[in-house]
Amino acid sequence: MFNFIKKSMAKNDKNSEKSLQSEQLFAVANQVLQDHSAGGQDNKVTAIKQYGDSVTLDLRLNADADPEEVHRQLGLALQNYGINEVNLNVSLPAKPKTNPSSHSHATSTQAPSMTSDDMPAFASTKGGAKTLPKTVNAAAPKSQTDEPPITKRAPLQSSLQPHPRIKHILVVASGKGGVGKSTTTVNIALALQKLGNKVGILDADIYGPSMPSMLGVEGVKPQLENEQFVPVEAHGLAMLSIGSLLDGDNTPVAWRGPKATGALMQLFNQTNWPMLDYLVIDMPPGTGDIQLTLAQRIPVTGAVIVTTPQHIALMDAQKGIEMFNKTSIPVIGVVENMALHTCSNCGHTEAIFGAGGGETISEAYQVPLLGQLPLASTIRAQADKGEPSVIANQGDGDDYAHFYVEIAQKIEANIAKFAKQRNDGRIF
(Lines give C-alpha, C1' and ligand atoms only; values in the text may rest on other atoms or scores of the structure.)
Protein backbone atom coordinates (compact mmCIF):
# COMPACT_ATOMS: atom_id res chain seq x y z
CA MET A 1 0.00 0.00 0.00
CA PHE A 2 1.26 3.49 -0.77
CA ASN A 3 2.58 5.28 2.33
CA PHE A 4 1.17 8.79 2.15
CA ILE A 5 2.77 9.98 5.39
CA LYS A 6 6.34 9.30 4.24
CA LYS A 7 6.68 10.23 0.60
CA SER A 8 9.90 8.29 0.00
CA MET A 9 11.33 5.08 1.39
CA ALA A 10 14.20 2.92 0.19
CA LYS A 11 13.14 -0.24 -1.60
CA ASN A 12 15.10 -2.41 0.81
CA ASP A 13 13.39 -0.75 3.77
CA LYS A 14 9.99 -1.49 2.26
CA ASN A 15 10.83 -5.12 1.68
CA SER A 16 12.26 -5.42 5.18
CA GLU A 17 9.18 -3.81 6.73
CA LYS A 18 6.85 -6.08 4.73
CA SER A 19 8.86 -9.16 5.69
CA LEU A 20 8.83 -8.11 9.35
CA GLN A 21 5.05 -7.63 9.28
CA SER A 22 4.55 -11.04 7.64
CA GLU A 23 6.73 -12.67 10.30
CA GLN A 24 4.70 -10.94 13.00
CA LEU A 25 1.41 -12.08 11.46
CA PHE A 26 2.85 -15.60 11.09
CA ALA A 27 3.75 -15.67 14.80
CA VAL A 28 0.36 -14.32 15.88
CA ALA A 29 -1.50 -16.86 13.73
CA ASN A 30 0.57 -19.74 15.10
CA GLN A 31 -0.13 -18.57 18.65
CA VAL A 32 -3.86 -18.58 17.90
CA LEU A 33 -3.60 -22.17 16.64
CA GLN A 34 -1.61 -23.22 19.71
CA ASP A 35 -4.28 -21.70 21.96
CA HIS A 36 -7.11 -23.36 20.01
CA SER A 37 -8.97 -25.72 22.31
CA ALA A 38 -8.94 -28.71 19.95
CA GLY A 39 -5.40 -30.13 20.22
CA GLY A 40 -3.38 -26.98 19.65
CA GLN A 41 0.02 -28.68 19.41
CA ASP A 42 -0.88 -30.38 16.11
CA ASN A 43 -2.22 -27.22 14.49
CA LYS A 44 0.26 -25.25 12.43
CA VAL A 45 0.58 -22.38 9.94
CA THR A 46 2.71 -23.59 7.03
CA ALA A 47 2.69 -20.55 4.76
CA ILE A 48 1.45 -16.96 4.69
CA LYS A 49 0.83 -14.52 1.86
CA GLN A 50 -0.18 -10.90 2.44
CA TYR A 51 -1.80 -8.50 -0.03
CA GLY A 52 -2.38 -5.13 1.64
CA ASP A 53 -5.00 -5.68 4.37
CA SER A 54 -5.79 -9.18 3.08
CA VAL A 55 -3.91 -12.30 4.14
CA THR A 56 -4.02 -15.93 2.96
CA LEU A 57 -2.87 -18.61 5.40
CA ASP A 58 -2.04 -22.25 4.66
CA LEU A 59 -2.99 -24.29 7.73
CA ARG A 60 -2.45 -27.86 8.83
CA LEU A 61 -5.06 -28.83 11.44
CA ASN A 62 -5.61 -32.01 13.39
CA ALA A 63 -8.71 -34.12 12.85
CA ASP A 64 -10.51 -32.69 15.90
CA ALA A 65 -10.02 -29.03 15.01
CA ASP A 66 -13.01 -26.89 14.03
CA PRO A 67 -11.97 -24.90 10.90
CA GLU A 68 -14.85 -22.44 11.29
CA GLU A 69 -13.85 -21.63 14.86
CA VAL A 70 -10.19 -21.37 13.87
CA HIS A 71 -11.16 -18.95 11.09
CA ARG A 72 -13.17 -16.83 13.52
CA GLN A 73 -10.36 -16.66 16.07
CA LEU A 74 -7.77 -15.79 13.42
CA GLY A 75 -9.97 -13.02 12.05
CA LEU A 76 -10.35 -11.45 15.51
CA ALA A 77 -6.64 -11.72 16.32
CA LEU A 78 -5.30 -10.40 13.00
CA GLN A 79 -7.79 -7.52 12.89
CA ASN A 80 -5.67 -5.85 15.58
CA TYR A 81 -2.79 -5.78 13.08
CA GLY A 82 -4.72 -4.06 10.28
CA ILE A 83 -5.91 -7.23 8.53
CA ASN A 84 -9.52 -6.97 7.36
CA GLU A 85 -9.81 -10.14 5.28
CA VAL A 86 -8.53 -13.61 6.15
CA ASN A 87 -8.53 -16.47 3.64
CA LEU A 88 -7.62 -20.02 4.67
CA ASN A 89 -6.28 -23.02 2.78
CA VAL A 90 -6.91 -25.87 5.21
CA SER A 91 -5.40 -29.35 5.18
CA LEU A 92 -6.94 -31.97 7.48
CA PRO A 93 -5.69 -35.54 8.00
CA ALA A 94 -7.92 -38.16 6.42
CA LYS A 95 -9.93 -40.10 8.97
CA PRO A 96 -9.03 -43.86 8.77
CA LYS A 97 -11.82 -46.29 8.05
CA THR A 98 -12.70 -48.28 11.14
CA ASN A 99 -12.60 -52.09 10.93
CA PRO A 100 -13.77 -53.88 14.11
CA SER A 101 -11.51 -56.88 13.43
CA SER A 102 -8.37 -54.85 12.98
CA HIS A 103 -9.04 -51.70 14.94
CA SER A 104 -6.85 -52.75 17.82
CA HIS A 105 -3.86 -53.21 15.49
CA ALA A 106 -4.10 -49.74 13.85
CA THR A 107 -1.03 -47.59 14.13
CA SER A 108 -0.16 -44.17 12.80
CA THR A 109 2.85 -41.95 12.56
CA GLN A 110 2.87 -38.18 12.51
CA ALA A 111 3.95 -36.54 9.29
CA PRO A 112 7.25 -34.66 9.38
CA SER A 113 7.18 -30.87 9.14
CA MET A 114 7.03 -29.79 5.51
CA THR A 115 5.65 -26.97 3.45
CA SER A 116 1.99 -26.79 2.58
CA ASP A 117 2.77 -27.47 -1.06
CA ASP A 118 4.16 -30.94 -0.36
CA MET A 119 2.08 -32.62 2.35
CA PRO A 120 3.31 -36.13 3.42
CA ALA A 121 1.31 -39.32 3.73
CA PHE A 122 0.01 -40.73 7.01
CA ALA A 123 0.80 -44.40 7.72
CA SER A 124 -2.47 -46.14 8.47
CA THR A 125 -3.89 -49.56 9.32
CA LYS A 126 -2.55 -52.75 7.73
CA GLY A 127 0.20 -50.96 5.88
CA GLY A 128 -2.25 -48.88 3.82
CA ALA A 129 -1.38 -45.22 3.15
CA LYS A 130 -3.83 -42.36 3.54
CA THR A 131 -2.58 -38.98 2.43
CA LEU A 132 -3.52 -35.58 3.67
CA PRO A 133 -5.66 -33.67 1.17
CA LYS A 134 -3.44 -31.42 -0.90
CA THR A 135 -3.51 -27.79 0.19
CA VAL A 136 -5.80 -25.93 -2.18
CA ASN A 137 -5.86 -22.45 -3.53
CA ALA A 138 -8.72 -20.43 -2.04
CA ALA A 139 -9.63 -19.28 -5.54
CA ALA A 140 -9.58 -22.76 -7.11
CA PRO A 141 -12.85 -24.26 -8.39
CA LYS A 142 -14.51 -26.89 -6.23
CA SER A 143 -13.75 -29.63 -8.73
CA GLN A 144 -10.05 -29.41 -7.86
CA THR A 145 -10.47 -30.38 -4.21
CA ASP A 146 -12.58 -32.65 -2.08
CA GLU A 147 -12.92 -30.04 0.66
CA PRO A 148 -14.05 -26.51 -0.29
CA PRO A 149 -11.64 -23.83 0.98
CA ILE A 150 -12.63 -21.83 4.05
CA THR A 151 -12.83 -18.18 3.04
CA LYS A 152 -14.25 -15.07 4.60
CA ARG A 153 -17.23 -13.85 2.61
CA ALA A 154 -17.11 -10.31 1.25
CA PRO A 155 -19.27 -7.93 3.32
CA LEU A 156 -22.60 -6.81 1.90
CA GLN A 157 -23.76 -3.21 1.58
CA SER A 158 -26.53 -3.95 4.09
CA SER A 159 -23.93 -4.88 6.73
CA LEU A 160 -21.83 -1.70 6.34
CA GLN A 161 -22.33 0.99 8.96
CA PRO A 162 -22.87 4.56 7.71
CA HIS A 163 -19.97 6.96 8.14
CA PRO A 164 -20.48 8.89 11.40
CA ARG A 165 -19.93 12.29 9.75
CA ILE A 166 -21.32 11.68 6.25
CA LYS A 167 -25.07 11.51 5.68
CA HIS A 168 -25.10 10.32 2.05
CA ILE A 169 -22.36 8.87 -0.16
CA LEU A 170 -23.00 9.19 -3.89
CA VAL A 171 -20.83 7.55 -6.54
CA VAL A 172 -20.75 8.94 -10.06
CA ALA A 173 -19.70 6.20 -12.46
CA SER A 174 -19.52 5.31 -16.12
CA GLY A 175 -18.91 2.10 -18.01
CA LYS A 176 -16.22 3.70 -20.18
CA GLY A 177 -13.99 6.72 -20.22
CA GLY A 178 -14.45 9.88 -22.26
CA VAL A 179 -18.13 10.48 -21.49
CA GLY A 180 -17.57 13.55 -19.29
CA LYS A 181 -18.02 11.76 -15.95
CA SER A 182 -15.57 13.91 -13.95
CA THR A 183 -16.96 17.17 -15.32
CA THR A 184 -20.46 15.99 -14.46
CA THR A 185 -19.32 14.92 -10.97
CA VAL A 186 -17.80 18.24 -10.02
CA ASN A 187 -20.78 20.24 -11.32
CA ILE A 188 -23.31 17.99 -9.53
CA ALA A 189 -21.34 18.40 -6.28
CA LEU A 190 -21.30 22.20 -6.66
CA ALA A 191 -25.01 22.19 -7.55
CA LEU A 192 -25.83 20.19 -4.40
CA GLN A 193 -23.83 22.75 -2.44
CA LYS A 194 -25.74 25.59 -4.10
CA LEU A 195 -28.95 23.97 -2.81
CA GLY A 196 -27.70 24.50 0.74
CA ASN A 197 -25.88 21.23 1.46
CA LYS A 198 -22.44 20.67 2.94
CA VAL A 199 -20.64 18.66 0.25
CA GLY A 200 -17.32 16.87 -0.16
CA ILE A 201 -15.62 15.20 -3.13
CA LEU A 202 -13.43 12.10 -3.06
CA ASP A 203 -11.51 11.51 -6.28
CA ALA A 204 -11.44 7.71 -6.55
CA ASP A 205 -10.04 7.78 -10.08
CA ILE A 206 -6.65 6.66 -8.78
CA TYR A 207 -5.02 6.30 -12.21
CA GLY A 208 -6.39 9.52 -13.71
CA PRO A 209 -7.18 12.06 -10.96
CA SER A 210 -8.65 15.28 -12.32
CA MET A 211 -10.51 16.91 -9.41
CA PRO A 212 -7.61 19.17 -8.28
CA SER A 213 -7.36 20.73 -11.76
CA MET A 214 -11.12 21.06 -12.25
CA LEU A 215 -11.48 22.79 -8.87
CA GLY A 216 -8.44 25.05 -9.34
CA VAL A 217 -6.41 23.60 -6.46
CA GLU A 218 -3.72 21.64 -8.30
CA GLY A 219 -0.49 21.63 -6.33
CA VAL A 220 -2.25 22.23 -3.01
CA LYS A 221 -1.24 19.53 -0.52
CA PRO A 222 -3.61 18.36 2.22
CA GLN A 223 -2.49 19.02 5.78
CA LEU A 224 -1.94 16.21 8.28
CA GLU A 225 -3.56 16.28 11.69
CA ASN A 226 -3.18 13.34 14.11
CA GLU A 227 -2.01 11.19 11.17
CA GLN A 228 -5.19 12.00 9.24
CA PHE A 229 -5.59 14.07 6.09
CA VAL A 230 -7.41 17.36 6.30
CA PRO A 231 -9.38 17.77 3.04
CA VAL A 232 -8.42 20.59 0.70
CA GLU A 233 -10.97 23.43 0.61
CA ALA A 234 -12.06 24.15 -2.98
CA HIS A 235 -14.95 26.54 -3.70
CA GLY A 236 -16.50 25.51 -0.38
CA LEU A 237 -16.13 21.77 -1.06
CA ALA A 238 -14.04 19.43 1.10
CA MET A 239 -11.93 17.69 -1.57
CA LEU A 240 -9.32 14.94 -1.46
CA SER A 241 -7.62 13.26 -4.40
CA ILE A 242 -4.58 11.10 -5.00
CA GLY A 243 -3.60 13.91 -7.37
CA SER A 244 -3.19 16.20 -4.35
CA LEU A 245 -0.51 13.88 -2.98
CA LEU A 246 1.58 13.47 -6.14
CA ASP A 247 4.62 15.61 -6.94
CA GLY A 248 3.29 16.89 -10.26
CA ASP A 249 0.68 16.56 -12.98
CA ASN A 250 3.01 14.33 -15.01
CA THR A 251 3.59 11.79 -12.23
CA PRO A 252 1.99 8.47 -13.26
CA VAL A 253 0.25 6.17 -10.79
CA ALA A 254 1.59 2.83 -12.01
CA TRP A 255 0.12 0.59 -9.33
CA ARG A 256 -1.34 -2.89 -9.38
CA GLY A 257 -4.91 -3.50 -8.21
CA PRO A 258 -4.28 -4.25 -4.48
CA LYS A 259 -2.16 -1.11 -4.06
CA ALA A 260 -4.71 1.10 -5.87
CA THR A 261 -7.62 -0.22 -3.82
CA GLY A 262 -5.56 0.19 -0.65
CA ALA A 263 -4.93 3.82 -1.60
CA LEU A 264 -8.67 4.38 -2.09
CA MET A 265 -9.45 3.00 1.36
CA GLN A 266 -6.73 5.18 2.90
CA LEU A 267 -8.19 8.26 1.24
CA PHE A 268 -11.63 7.40 2.61
CA ASN A 269 -10.74 6.13 6.09
CA GLN A 270 -7.64 8.19 6.86
CA THR A 271 -9.30 11.55 6.21
CA ASN A 272 -10.82 13.80 8.84
CA TRP A 273 -13.99 14.56 6.88
CA PRO A 274 -16.14 17.38 8.26
CA MET A 275 -19.85 16.91 8.83
CA LEU A 276 -21.21 16.40 5.31
CA ASP A 277 -24.66 16.03 3.78
CA TYR A 278 -23.10 14.48 0.66
CA LEU A 279 -19.77 12.92 -0.21
CA VAL A 280 -19.64 12.65 -4.00
CA ILE A 281 -17.13 10.05 -5.24
CA ASP A 282 -15.74 10.36 -8.76
CA MET A 283 -15.23 6.75 -9.85
CA PRO A 284 -12.76 5.49 -12.45
CA PRO A 285 -14.35 4.12 -15.62
CA GLY A 286 -15.15 0.42 -15.88
CA THR A 287 -16.05 -2.33 -13.40
CA GLY A 288 -12.71 -3.36 -11.92
CA ASP A 289 -10.96 -3.74 -8.57
CA ILE A 290 -11.64 -0.23 -7.29
CA GLN A 291 -15.37 -0.45 -8.01
CA LEU A 292 -15.66 -3.83 -6.28
CA THR A 293 -13.64 -2.70 -3.25
CA LEU A 294 -15.82 0.37 -2.90
CA ALA A 295 -19.00 -1.71 -3.19
CA GLN A 296 -17.82 -4.11 -0.48
CA ARG A 297 -16.29 -1.68 2.01
CA ILE A 298 -17.80 1.81 1.66
CA PRO A 299 -21.46 2.40 2.67
CA VAL A 300 -22.86 3.88 -0.55
CA THR A 301 -26.29 5.53 -0.63
CA GLY A 302 -26.64 5.32 -4.39
CA ALA A 303 -25.00 5.61 -7.80
CA VAL A 304 -25.42 8.02 -10.69
CA ILE A 305 -24.54 6.63 -14.13
CA VAL A 306 -23.12 8.98 -16.76
CA THR A 307 -23.31 7.99 -20.41
CA THR A 308 -23.54 9.48 -23.88
CA PRO A 309 -26.22 8.58 -26.45
CA GLN A 310 -23.63 6.60 -28.41
CA HIS A 311 -24.46 2.89 -28.70
CA ILE A 312 -21.04 1.73 -27.44
CA ALA A 313 -21.24 4.01 -24.40
CA LEU A 314 -24.74 2.72 -23.61
CA MET A 315 -23.50 -0.88 -23.73
CA ASP A 316 -20.82 -0.11 -21.14
CA ALA A 317 -23.24 1.92 -19.02
CA GLN A 318 -25.51 -1.13 -18.80
CA LYS A 319 -22.55 -3.14 -17.45
CA GLY A 320 -22.07 -0.51 -14.78
CA ILE A 321 -25.75 -0.69 -13.79
CA GLU A 322 -25.61 -4.49 -13.65
CA MET A 323 -22.54 -4.34 -11.39
CA PHE A 324 -24.27 -1.99 -8.95
CA ASN A 325 -27.37 -4.19 -8.97
CA LYS A 326 -25.29 -7.25 -8.09
CA THR A 327 -23.54 -5.41 -5.25
CA SER A 328 -26.84 -4.07 -3.84
CA ILE A 329 -26.09 -0.41 -4.56
CA PRO A 330 -29.21 1.36 -5.82
CA VAL A 331 -28.92 3.35 -9.04
CA ILE A 332 -30.46 6.77 -8.39
CA GLY A 333 -30.57 7.71 -12.03
CA VAL A 334 -28.88 8.17 -15.40
CA VAL A 335 -27.35 11.36 -16.80
CA GLU A 336 -27.06 11.58 -20.58
CA ASN A 337 -24.09 13.80 -21.41
CA MET A 338 -23.32 15.35 -24.83
CA ALA A 339 -26.92 14.83 -25.88
CA LEU A 340 -27.16 17.80 -28.29
CA HIS A 341 -24.75 20.25 -29.85
CA THR A 342 -25.71 23.76 -30.96
CA CYS A 343 -23.47 25.40 -33.52
CA SER A 344 -22.10 28.71 -32.20
CA ASN A 345 -22.09 30.22 -35.70
CA CYS A 346 -25.43 29.24 -37.24
CA GLY A 347 -27.41 28.07 -34.22
CA HIS A 348 -28.20 24.68 -35.73
CA THR A 349 -28.76 21.93 -33.14
CA GLU A 350 -27.67 18.39 -33.90
CA ALA A 351 -27.52 15.09 -31.98
CA ILE A 352 -23.92 14.26 -32.88
CA PHE A 353 -23.70 11.05 -30.80
CA GLY A 354 -27.21 9.83 -31.50
CA ALA A 355 -30.54 10.41 -29.79
CA GLY A 356 -32.71 8.70 -27.19
CA GLY A 357 -29.95 6.58 -25.62
CA GLY A 358 -30.48 7.86 -22.10
CA GLU A 359 -34.23 7.36 -22.30
CA THR A 360 -33.77 3.81 -23.60
CA ILE A 361 -31.50 2.71 -20.77
CA SER A 362 -33.68 4.51 -18.24
CA GLU A 363 -36.76 2.59 -19.36
CA ALA A 364 -34.91 -0.72 -19.61
CA TYR A 365 -33.71 -0.60 -15.98
CA GLN A 366 -36.61 1.38 -14.52
CA VAL A 367 -34.38 4.19 -13.23
CA PRO A 368 -34.98 7.93 -13.64
CA LEU A 369 -33.37 9.95 -16.41
CA LEU A 370 -31.95 12.75 -14.25
CA GLY A 371 -31.00 15.05 -17.10
CA GLN A 372 -29.65 15.52 -20.62
CA LEU A 373 -26.59 17.74 -20.89
CA PRO A 374 -25.51 19.57 -24.05
CA LEU A 375 -22.15 19.19 -25.80
CA ALA A 376 -20.81 22.72 -25.32
CA SER A 377 -17.27 24.06 -25.42
CA THR A 378 -18.07 26.46 -22.58
CA ILE A 379 -18.58 23.55 -20.13
CA ARG A 380 -15.17 22.17 -21.05
CA ALA A 381 -13.47 25.58 -20.92
CA GLN A 382 -14.84 26.39 -17.46
CA ALA A 383 -13.67 23.04 -16.05
CA ASP A 384 -10.21 23.59 -17.54
CA LYS A 385 -10.03 26.99 -15.82
CA GLY A 386 -10.86 25.47 -12.43
CA GLU A 387 -14.23 27.27 -12.32
CA PRO A 388 -16.89 24.73 -13.38
CA SER A 389 -20.13 25.91 -14.97
CA VAL A 390 -22.19 25.99 -11.74
CA ILE A 391 -19.87 28.57 -10.11
CA ALA A 392 -18.72 30.44 -13.23
CA ASN A 393 -19.21 34.21 -13.50
CA GLN A 394 -18.40 34.86 -9.82
CA GLY A 395 -20.79 32.20 -8.60
CA ASP A 396 -23.76 33.03 -10.78
CA GLY A 397 -23.08 30.18 -13.18
CA ASP A 398 -22.89 30.13 -16.95
CA ASP A 399 -25.64 29.37 -19.47
CA TYR A 400 -25.47 25.65 -18.70
CA ALA A 401 -25.41 25.74 -14.89
CA HIS A 402 -29.18 25.23 -14.63
CA PHE A 403 -28.86 21.75 -16.18
CA TYR A 404 -26.73 20.59 -13.25
CA VAL A 405 -28.90 22.33 -10.67
CA GLU A 406 -31.97 20.50 -12.02
CA ILE A 407 -30.11 17.17 -11.74
CA ALA A 408 -29.14 18.01 -8.14
CA GLN A 409 -32.76 18.89 -7.34
CA LYS A 410 -33.93 15.48 -8.62
CA ILE A 411 -31.29 13.73 -6.52
CA GLU A 412 -32.39 15.70 -3.45
CA ALA A 413 -36.03 14.84 -4.04
CA ASN A 414 -35.39 11.09 -4.15
CA ILE A 415 -32.40 10.54 -1.86
CA ALA A 416 -34.48 9.79 1.24
CA LYS A 417 -35.75 6.48 -0.14
CA PHE A 418 -32.15 5.25 -0.57
CA ALA A 419 -30.71 6.58 2.71
CA LYS A 420 -28.82 4.22 5.01
CA GLN A 421 -30.39 3.46 8.37
CA ARG A 422 -28.40 5.26 11.05
CA ASN A 423 -27.96 4.52 14.73
CA ASP A 424 -26.13 7.41 16.37
CA GLY A 425 -26.47 5.86 19.82
CA ARG A 426 -28.24 8.86 21.28
CA ILE A 427 -30.46 8.49 24.33
CA PHE A 428 -32.19 11.87 24.09
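**View 1. Thr308, a buried loop residue in the predicted model.** Thr308 has a relative accessibility of 3% and therefore counts as buried, in a model that is predicted. The residue lies in the loop that links strand E14 (302–307) to helix H7. Beyond its neighbours within four places in sequence, Thr308 touches Val179, Ala313, Leu314, Glu336, Asn337 and Met338. One of these, Asn337, is 29 residues away along the chain, with a distance of 5.0 Å between its C-alpha atom and that of Thr308.

**View 2. Contact between helices H7 and H8.** The axes of H7 (residues 311–326) and H8 (residues 357–365) approach within 11 Å and cross at roughly 30°. An angle under 35 degrees counts as roughly parallel, and the two helices are therefore roughly parallel to each other. The crossing of H7 past H8 is right-handed. On the H7 side, the contact is made by Leu314, Ala317, Gln318, Ile321, Glu322 and Asn325, and on the H8 side by Gly357, Gly358, Ile361 and Tyr365. Sorted by class, the contact comprises 5 nonpolar, 4 polar and 1 charged residues. Leu314 of H7, listed here in the contact with H8, is also among the residues touched by Thr308.

View 3. Ile290, Gln291, Thr293, Leu294 and Ala295 are buried in helix H6 (residues 289–297). The elements covering these buried residues include E7, helix H5 (257–269), strand E13 (276–282) and H7.

**View 4. Contact between helices H5 and H6.** The axes of H5 and H6 come within 9 Å, with a crossing angle of roughly 45°. This angle makes H5 oblique to H6. The handedness of the crossing is right-handed. Gly257, Ala260, Thr261, Leu264 and Met265 of H5 meet Asp289, Ile290, Thr293, Leu294 and Arg297 of H6. The contact contains 5 nonpolar, 3 polar and 2 charged residues. Among the H6 residues in the contact are Ile290, Thr293 and Leu294, which are buried.

**View 5. Contact between helices H3 and H10.** Helix H3 (residues 181–194) and helix H10 (residues 401–414) have axes that come within 8 Å and cross at roughly 70°. H3 is thus roughly perpendicular to H10. Their crossing is right-handed. H3 contributes Thr183, Thr184, Asn187, Ile188, Ala191, Leu192 and Lys194, and H10 contributes Tyr404, Val405, Ile407, Ala408, Ile411 and Glu412. By class, the residues in this contact are 8 nonpolar, 3 polar and 2 charged.

Key:
Residues are numbered from 1 along each chain as its sequence is written. This is a predicted model: local features need pLDDT of at least 70, side-chain atom pairs count only at pLDDT 80 or more; totals for chains, interfaces and linings use all residues. Side-chain values use heavy atoms; hydrogens and water are left out. Axes are lines fitted to C-alpha atoms, for helices over the stretch in contact, and angles run from 0 to 180 degrees between N-to-C directions. Helices (H or I, at least four residues) and strands (E, at least two) are DSSP runs, numbered from the N terminus. Angles under 35 degrees count as roughly parallel, over 145 as roughly antiparallel, 65 to 115 as roughly perpendicular and the rest as oblique. A crossing is left-handed if the near helix is turned anticlockwise from the far one by less than a right angle, and right-handed if clockwise. Contact means heavy atoms within 4.5 Å. Ala, Val, Leu, Ile, Met, Phe, Trp, Tyr, Cys and Pro count as nonpolar, Asp, Glu, Lys and Arg as charged, and the others, Gly among them, as polar. Buried means under 20% relative accessible area, exposed over 50%, partly exposed in between (1.4 Å probe, protein chains only).
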